[in-house]
Amino acid sequence: MTNWESVFQQYLQRNATQDKAHDLAHIQRVVGNAKTLANEEKANFDVVIPAAWLHDCVIVPKNSPERAKASSIAAKQAIEFLEEINYPREHLPAIEHAIAAHSFSANIETKTLEAKVVQDADRIDALGAVGLARCLITGAQLNLDLYSLDDPFCESRQGNDRLYTIDHFYCKLLKLKEQMKTTAGRKMAEERSLFLQSFLDQLKMEIT
C-alpha cells in the first residue's frame, strides 16, 4: 500500500518555499489540525489529507497583486501532481475544491465538508502562539512597522496590515473564530483567539 503522506512530504521538500510562515512545519501542523477536525466531523480522509498537505504547494507573496489567485494556482498544480502519482482519480475534484477554497483572500465558498475542514485547519494555524509567531515573521519579511505610533490598536482608525504588523490582528486574525465552518474548528479557534487577545493586552500595558 502506498504511503501517500510520505510521497506528499517528499514532493514539498523538493519544492520548498522561502516563506518561513508557510514552510513545511506549517504544512505539518495544518495536516495535524485537519486530521483532528476530520475525525471529529466525520469527513473523508482521502480528500482531506492530500488537500491539507498540498494546500500551499504554490506560494504567492502576501503583497503580490496575484495573492487572491494563489489557492487556485496551488489547486491546479496539486491535481497535476496527484495525477502524475496515480492518486485515486475519484477524489481529485473534491481535493481541488478544498485547496482552492481554503484561502482567506480567495473568498471562495466552501461547498463540501472536506473543504470546510481544510479551511478551518489552515486558519487555526494563524491563531494561538504559533499564529502570533507567524504573524511577526510575515511582518518582518514584508519590512512592516510593528505598530502605529499614533494608534497602535486601531481604536480610532481602520486597520492597515500593509503598513503595520499588529493591524493584522484587527484586519484578519481576531475575526477568524467567527468564520470557522466546523464545530470542532470553532472550539479550537476560540481557545487560541484568547491567547492573541492576551498578547495584545500585555502589549498595550507595555507601550502605553
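H168 sits in helix α8, which covers residues 167-171 (helices are DSSP runs of H or I with at least four residues, numbered from the N terminus). The model is a predicted one, where local features need pLDDT of at least 70, side-chain atom pairs count only at pLDDT 80 or more, and totals for chains, interfaces and linings use all residues. Residues are numbered from 1 along each chain as its sequence is written, and side-chain values use heavy atoms, with hydrogens and water left out.

With 16% relative accessibility, H168 counts as buried (buried is under 20% relative accessible area, exposed is over 50%, and partly exposed is in between, using a 1.4 Å probe and protein chains only). Leaving aside residues up to four places away in sequence, H168 touches C135, D161 and L173 (contact means heavy atoms within 4.5 Å). The side chains of H168 and D161 are also joined by a polar contact of 2.8 Å (a pair of N or O atoms within 3.5 Å; within protein, one must be able to donate a hydrogen and the other to accept it, and residues adjacent in sequence count only if both atoms are side-chain atoms).

On to the aromatic rings. Rings of Phe, Tyr and Trp (its six-membered ring) pair if their centres lie within 6.5 Å; planes under 30 degrees apart are stacked, over 60 edge-to-face, and the rest tilted. That rule gives five aromatic pairs. In one of them, the ring centres of F8 and Y87 are 6.1 Å apart and the planes are at 55 degrees, so the pair is tilted. Both F8 and Y87 are buried. F169 and F199 have ring centres 5.8 Å apart and planes at 20 degrees, so this pair is stacked.

Notes:
Helix = DSSP H or I, 4+ residues; strand = E, 2+ residues; numbered from the N terminus.
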